[in-house]
Amino acid sequence: MKNWQIAALFMIIGLVLWLSPASTMAQSPASLTGIVTYRERVRLPADALVVLQIAEVTPAGTGGRVIVEQTFATGGAQPPFRFNLLYDPSIIDAGRVYTLQGRILSGGRTLFTTASLIPVITGNAPRSDIQVVMGAVRGATLPPAGSELWLIGVALILGTLGTVMHVVRLAWRR
């Protein structure tokens, strides 16, 4: 082959690759967005982590193969937490059902988890404004929200009782 033929061949290959359909290239990621929260009135420890997963639903109706997982630290913040979970749409099979599942961890223990399936992506399932409401895991203990306030209340009550007793003593002496 002559140099101009080799150059023409490379130009043709380059042109074909440039004009080729998107299926030969990686698709841009899609996302699920929403809010993670829980019903219990407790504070999360500062080291809490939120883990979210998209999983295929098995024929038995449970979460199966995990498609993608995202973990983020709460940094001491309290719920609700906004999320934007990216996934590759090319691995999604429109004929299957997918679920969003999550948990909140601290010190290697699971404190909260999703108790039911949250259908996402396929069919009429949502991809945005998803509400992930978790429930406390049995045996996980956390202080009640505002638990440091009860100490202030006790101190105020004891202070008030002390003042009342002092006033009564002074009145009794007269």
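**Close-ups of a predicted model**

View 1. Leu85 sits in strand 4. This is a predicted model, and in it Leu85 counts as buried, with a relative accessibility of 1%. Skip the neighbours within four places in sequence, and Leu85 is still in contact with Ala30, Ser31, Leu32, Leu52, Ile54, Val68, Gln70 and Leu100. For a bit of scale, look for Arg127: its C-alpha is 9.8 Å from that of Leu85, though 42 residues separate the two in sequence.

**View 2. Phe83 and the largest nonpolar core.** This core has 29 residues, and Leu32, Leu52, Ile54, Phe83, Leu100 and Val120 are the ones that touch the most other members. Which elements give two or more residues to it? They are strand 1, strand 2 (49-57), strand 3 (63-73), strand 4 (81-87), strand 5 (98-106), strand 6 and strand 8 (130-136). Zoom in on Phe83 and, leaving out residues up to four places away in sequence, you'll find it touching Leu32, Thr33, Gly34, Ile35, Val36, Leu52, Phe72, Leu100, Ile130 and Val132.

**View 3. Tyr38 with Phe112.** Searching the whole structure turns up two aromatic pairs, and here is one of them, Tyr38 with Phe112. Why does this pair count as stacked? The ring planes are at 15°, which is under the 30 degrees needed for stacking, and the centres are 3.9 Å apart. The two partners come from distant parts of the chain: Tyr38 belongs to strand 1 (residues 30-38) and Phe112 to strand 6 (residues 109-113), 74 residues apart. Are these residues buried or exposed? Tyr38 is buried at 8% relative accessible area, and Phe112 is buried too, at 1%.

**View 4. Phe72 with Phe81.** Here's an aromatic pair with an edge-to-face arrangement: the Phe72 and Phe81 rings are 6.2 Å apart, centre to centre, with 75° between their planes. Phe81 has a relative accessible area of 7%, so it's buried. Phe72 also turns up among the residues that Phe83 touches.

View 5. Across the protein chain, pLDDT averages 78, and 62% of the residues score at least 70. Over residues 146-158, though, pLDDT stays under 50.

Key: Residues are numbered from 1 along each chain as its sequence is written. This is a predicted model: local features need pLDDT of at least 70, side-chain atom pairs count only at pLDDT 80 or more; totals for chains, interfaces and linings use all residues. Side-chain values use heavy atoms; hydrogens and water are left out. Rings of Phe, Tyr and Trp (its six-membered ring) pair if their centres lie within 6.5 Å; planes under 30 degrees apart count as stacked, over 60 as edge-to-face and the rest as tilted. Helices (H or I, at least four residues) and strands (E, at least two) are DSSP runs, numbered from the N terminus. Buried means under 20% relative accessible area, exposed over 50%, partly exposed in between (1.4 Å probe, protein chains only). pLDDT is the predictor's confidence in each residue, from 0 to 100. Contact means heavy atoms within 4.5 Å. A nonpolar core is a set of buried Ala, Val, Leu, Ile, Met, Phe, Trp, Tyr and Cys residues joined through side-chain atoms within 4.5 Å.
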